[in-house]
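Please look at the sequence and the model before reading on.

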Amino acid sequence: MNKISNHLPTAELQALDAAHHVHPFSTQAELAERGARVITRADGCWLTDSDGETILDAMAGLWCVNIGYGRDELAEVAAQQMRELPYYNTFFMTTHVPVIALSKKLAELAPGNLNHVMYSSSGSEANDTNLRLVRTYWAEKGKPEKQVIISRWNAYHGSSVGSGSLGGMKGMHAQGGLPIPGIHHIDQPDWWNEGGDMSPEDFGLERAQQLEKAILELGEDKVAAFIAEPIQGAGGVIVPPATYWPEIQRICDKYEILLIADEVICGFGRTGKWFGSETVGIRPDIMTIAKGLSSGYQPIGGSILSDEVAAVIGATEFNHGYTYSGHPVAAAVALENLRILEEEGVVARFGAQTAPYLKEKFQSLADHPMVGEANIVGGMGSLALTPDKASRAKFAAPAGTVGYMVRERCFANNLVMRHVGDRMIISPPLVITNEEVDTLIERARLSLDEAYEKVKAEGLFVAA
Ligand SMILES: *Cc1c(COP(=O)(O)O)cnc(C)c1O
């Protein structure tokens, strides 16, 4: 067996990595120069790297390790399932026990009439499924003209051709000819950056009403669905004003537009409830799930469909699916993850006890001279960095310059906190203890302090 404790020296690993491994969302040239951090093991909320440093993971990997690292139960279930039935497909009228059990459990956990699951191996694939599925749904209902999907700028729905098009990341659209036709983007409810002089309430309404305007412009008979994250994650943890979602729900109901809630991050306890849709009070027709579904222990995602959507789609053959849809090992691991999240009360405890504590501590960072806003819902938090809190000014330096400087200090202080432009974001494992929350906040404050000195010294504490 290839023991992790016997690995090559860090510099050699880094050189091999840079030579042969092309990283996602990275500048390969920079990576070759500086060397990637090599993570060798993890337990709870803590990572260990190849130099033996222990690092507090305030991002739960990529927003996914809700249950924390190092749960033997999941490893046992995977090994057992691999011995019993490592693979079989779910095409052409076959099935297996893990996928049946997982689907039943998801139908129980998901709110309302969301009772039917179509699987993928990732969030991107699930949103690709949704794209074809909603168009097929309307065609089956005799309205083949209803094809356009409305999404939002700065949304993240994945990185494949379809899901990257559904997303509203301009940097992604600029590479590889996205978006594909038939997708329309409206503005996001980011009050801090785009709200101007409006109150958050008025701004939330205005942004929601852009959906109605778009439907009327495109024609109600042309619009299939609206897709959105209940709270935007990768876009910078954008918490919409309270007025936003009720208005969106009203508009979707009025014009018969399917509502797709992309719960890939928000699902499975991340917002303090099982699903973000419950936190923001919406009734989606379809939910995209992945990430926390297996706490990242296995690649699995899916779409949970309402009774009505499933009935329409189920009437004829939907020519769609993946070799690994409902993979037995991934399904078994996801089911065990859900069992632990539920039976050990991880989601309930996080919502009732940890989240309020985390909120209080996280919001205390708003008194830092460089932090304008500390916004957090459940376990999704963001700090808006600014040189002038009163006017919510942006820095004169290119967007992300200061955010990157804070991130560099976090990295040096053994805290994983990401930056999205000039916002610092967190999404820790839901099993984080109050003591670990204290450590997170101490390290975040230290990193902010150190970066602040540097920002001032380099003459960057200047408004645009
Ligand atoms: C991560 C993410 C996706 C894409 O999931 P992958 O598993 O990376 O393909 C889709 N939607 C949201 C909201 C996400 O955060």
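In which sense do strand 5 and strand 7 pair, and over how many bridges? The two strands pair in the parallel sense, over three bridges, with strand 7 spanning residues 223-228. This comes from a predicted model. In this pairing, valine 148 stands opposite valine 223 of strand 7.

Strand 5 is also joined to strand 6 (residues 183-186) by four bridges, and these two run parallel. Here isoleucine 150 has histidine 184 in strand 6 as its bridge partner.

Strand 5 covers residues 148-152, and because five of its five residues are buried, it is largely enclosed by the rest of the structure. Burial applies to both faces: Val148, Ile150 and Arg152 lie on one side, while Ile149 and Ser151 lie on the other.

The second topic is the ligand. Residues that surround the ligand include Ser122, Asn127, His157, Glu229, Val264 and Lys291. By class, this shell has three nonpolar, six polar and three charged residues. Helix 6 (residues 123-140) supplies three residues, the largest share of the shell.

| Protein atom | Ligand atom | Distance |
|---|---|---|
| glycine 123, polar backbone atom | oxygen | 2.9 Å |
| tyrosine 156, polar backbone atom | nitrogen | 3.4 Å |
| aspartate 262, polar side-chain atom | nitrogen | 2.8 Å |

Taken alone, the ligand exposes 380 Å², and the protein buries 83% of that.

Methods: Residues numbered from 1 in each chain as written. Predicted model: local features only at pLDDT ≥ 70, side-chain atom pairs only at ≥ 80, totals over all residues. Heavy atoms only, no water. Near = heavy atom within 4 Å. Polar contact = N/O pair within 3.5 Å; in protein donor to acceptor, adjacent residues only side chain to side chain. Areas by Shrake-Rupley, 256 points an atom, 1.4 Å probe, with all protein chains shown as cover. Nonpolar A, V, L, I, M, F, W, Y, C, P; charged D, E, K, R; others polar. Buried < 20%, exposed > 50% of the residue type's maximum accessible area, 1.4 Å probe, protein only. Pairing = 2+ DSSP bridges.
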